[in-house]
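Me: I've got a model to go through with you. Can we take it piece by piece, starting with some terms?
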Amino acid sequence: MITNDKQNTLIWLGLAISAIVPLILPNHITVLTYIWVMIILALTWDMLGGQTGYTSFGNILFFGVGMYVCAVVQRDMFSSGLDRFERVSEVVVSLNASEYFISLAVGTFSGAIVAVILAVILGSGILGMRGHYFAICTLGLGHAAAEIASGIDYIGAGSGMVAPLYPSELLIGKEVFYYYAFLLVAVATFFLFRKIYRSQFGLALNAIRDNENKAESMGIHTTQYKIAGWTISAFFLAIAGAGVGNVIGFIDPVEIAFSGPTFGVWMIVMAILGGKGTIWGPVLGAVILYSAKETFWTYLLGWDKVALGLLILIVVVYFPKGIIGYFKDRKQLSNSILSQKGDS
Amino acid sequence: MITYIKILITSPEFLAQLIINGLLVGAIFALIAYGLALIWGVMDIINFAQGELVIFGGYLTYTLFYQFGIHPVLTIPIVAVLLYLFGLLVYKTVINRLLGEKDIFITILATFGLAILMQQLMQAIFGPDVVTANPELGMLFLFDGALIISNIQLVSFVIAVFVAIVLFVLMKYSRMGQAIRATAQNPRASRILGINIEKVYANTFAINAALCGIGGSLVVMVWTIHPFIGLVYTFRSFMIVILAGLGNFMGIIFAGMGISSLENVTGFIIGAEFQAAVIFCLLVIILVTRSIKARKKRQYIQ
Amino acid sequence: MELLNVKSVAKSYGGVIANHDVSLKVPKGKIVGIIGPNGSGKTTLFNSIVGHHPIDSGEIHFNGKEISSLTIPKIARLGMLRTFQQTHIYGKMTCVQNMQISSNIDADWKRVFNPFSKEVDEMVDELLSFVGLYKKRFLLAGDLSFGQQKLLEFAMALMKKPKILLLDEPTAGVNPTLINGLIDRLRQVNEEKGITLLVIEHNMRVIMNLAEHIYCLANGTMLADGKPEEIQNDQRVIDAYLGN
């Protein structure tokens, strides 16, 4: 489609604009931050969902795990002698600047590691089967995780936890910090995934999607590739979760950390809307869907979630290839026609 | 947790209580699972909105009970008909487009989208709170009070069994039932022999919806529902079908009742709020064990 | 030295005995054929050998290893590949991609996140030219004609540098004018690359010319085996085909 050089130029241009935007539109920083979050969520879902053809309804698990692990690390790393088991949800930790950022870094990293381990263990169990069994299994993941988290007092049980307060003495405000943090993570995710999809690994994922039986009969270790893909997604999902927990400020097991009806569903719809199985599709879908959602929710008042549900249905049934998929099909069609014209 | 296990060991009537409650209520789950197996077997549609259809039926019973004063048990035939019609509607608008779709994920995602839409609709219309439509039929005390069965559980069991029998007769002896079974075995041959496949598919899906509706009416009488609990029912149905196998009518009944009892007992030991987690772990264990066994024998799970 | 040694393999499906006491040997570097009327159990035998289903009894030795309980991916990694009557390719990927993914990528885990190496790409071009698909290499595999897909499937198998290739009716459905080309390529691959071939064929002209040793199956059992001339004149074989 667009050559790599042109793509990269566009990307740098886009990044330059994105870097300045929070200064121009300070009131919308949080919304813009969430767009970066959504890009990460959509891209990670798409690795297994679009590129490998393995729909997962449970990726929210890693998101929530990252959120909780980071929050626990942030709460416990520098605090001493706190009676944490009484009303955990009301414990608000106050840290100075260095404590805050160190615990944030350690917490985020720990969350990612835990998510990775979880992905490997779970994946070894449920990725050895065909895709529809995997999809069925993942259906219960988020809900089960929410239930378990709601039962553990150490992390606040049903009431959840509160994230530590952002050090107020800093020049760079909380919103600004997290905007740039998520921008960097989203960009890193994008470039890494783009490299992966251009590699042998990426083609293997696509082969599994196109004809898993053929891939297996050619000796490809399909299960290992699937697990690796899910693990990579889990890593970035956990990082996103850790950040979002801090941005929102409190962590609720059902409504936020493992929220299927919001983050869980959005990541799927965004990837499909934009065009699953492509590198730009999820990005496009994330930007469009989230912007639309934020713009229209005020007009629909309570029925906005219904509208979203309807949108999902329409997109999946009538536009399963998404925006980019539609354009790609047209190009491939004209390619086929042109090259067959050169035949005898 | 150990204390709870001890209780079960020292007072076996407690265990019996949990198991019998499980069996009674399992009949409802079996009914819902059968519907799922029906459309999976006949149309190759994996319905991720099964639970939402159930909850929808439950809400209809709730509304008919509280708004119109109709006794919950009497709402069942009404709900069955309404859900049947709703099933036809869903078939014509959504499912129809998915038939013959080679990519199984389109059907999965589409029914998933339907589930989300229904969840949000139900929340918008009925609110997010938990509701019930318990007709307060009283309790049955057996064995000097050692075994307590709430009459509504008994009634729902009887109704579920009745519906199952009706269904069985329908499938075996009615023209539509035979057409459905023929289509399941060989769609092409059926078409050549003059069976209207469209009608068969539409009816199959609508029958499934009706079954879910009946199940939902029973569920809202025996327990509570809320807009997002459908997921648990979907998941449970999958588990029953996977455990029993697609064509196995009796197997589904036993699996339904067995899983329900198991849920009750483990729920008692670990805590009822971990319901979904327990079912989930169970399903994963079943599938993984099967996968390992199959690999040893050079087989693959279809 | 036998590369493949099948001993007394039996397999039945729900009452139907597909294979009974079937044995055959495929010497290394040779071309062996399997013939037999429809329903004689040829494809079932192939499926048993490559790991598609378990066998009821018997042994299968490949390169000295007993493989009758191994799964398809494992057997493929040991160097045994198989083609189908209906083509199995990656329909939504280009011919080049089909070929690339058929290279031995699992061999080196450290390189798997890099693009395909120049050696692989060169091999892709060479093999695509070998089967005459070079001009169509950027077309989607699903858009090729049936005969072209068969050639692609064949080329993909060659990418893996297999020790033995099991071909299930390679000329079925192929335009008669292209069959000679196909036979030539099979012979080339056997002579130049040393790949052992086990071929199921219905086309007598093809298999009599190609194979050095032929086995004839009928009704699930091995009827006769020997050199092409012997088989052609074997009364039992003639009877089996004409029906008794």
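Reply: A crossing is left-handed if the near helix is turned anticlockwise from the far one by less than a right angle, and right-handed if clockwise. Helices are DSSP runs of H or I with at least four residues, strands are E runs of at least two, and both are numbered from the N terminus. This is a predicted model, where local features need pLDDT of at least 70, side-chain atom pairs count only at pLDDT 80 or more, and totals for chains, interfaces and linings use all residues. Residues are numbered from 1 along each chain as its sequence is written, with chains lettered from A and ligands numbered from 1 in the order in which they are written.

Me: Which hand does the crossing of helix 3 of chain B and helix 10 of chain B have?
Reply: Helix 3 covers residues 50–68 of chain B and helix 10 covers residues 230–244. Their axes (lines fitted to C-alpha atoms over the stretch in contact, with angles from 0 to 180 degrees between N-to-C directions) come within 7 Å and cross at roughly 125 degrees. Helix 3 of chain B passes helix 10 of chain B in a crossing that is right-handed.

Me: And how are helix 11 of chain A and helix 13 of chain A oriented to each other?
Reply: Helix 11 (260–274) and helix 13 (304–318) of chain A pack at about 40 degrees, with axes 10 Å apart. Angles under 35 degrees count as roughly parallel, over 145 as roughly antiparallel, 65 to 115 as roughly perpendicular and the rest as oblique. So helix 11 of chain A is, relative to helix 13 of chain A, oblique.

Me: What classes of residue make up that contact of helix 11 with helix 13 in chain A?
Reply: Contact here means C-beta atoms, placed from the backbone, within 7 Å. A:V265, A:V269, A:I272 and A:L273 meet A:I312, A:V315 and A:V316. Ala, Val, Leu, Ile, Met, Phe, Trp, Tyr, Cys and Pro count as nonpolar, Asp, Glu, Lys and Arg as charged, and the others, Gly among them, as polar. The tally has no polar and no charged residues, and 7 nonpolar.

Me: Which element gives the largest share of the side of chain C that touches chain A?
Reply: There, 25 residues of chain C contact 21 residues of chain A. Helix 2 (72–78) and helix 3 (95–101) of chain C each give two or more residues to that side. The largest share, 4 residues, comes from helix 2 of chain C.

Definitions and conventions. Contact = placed C-beta atoms within 7 Å.
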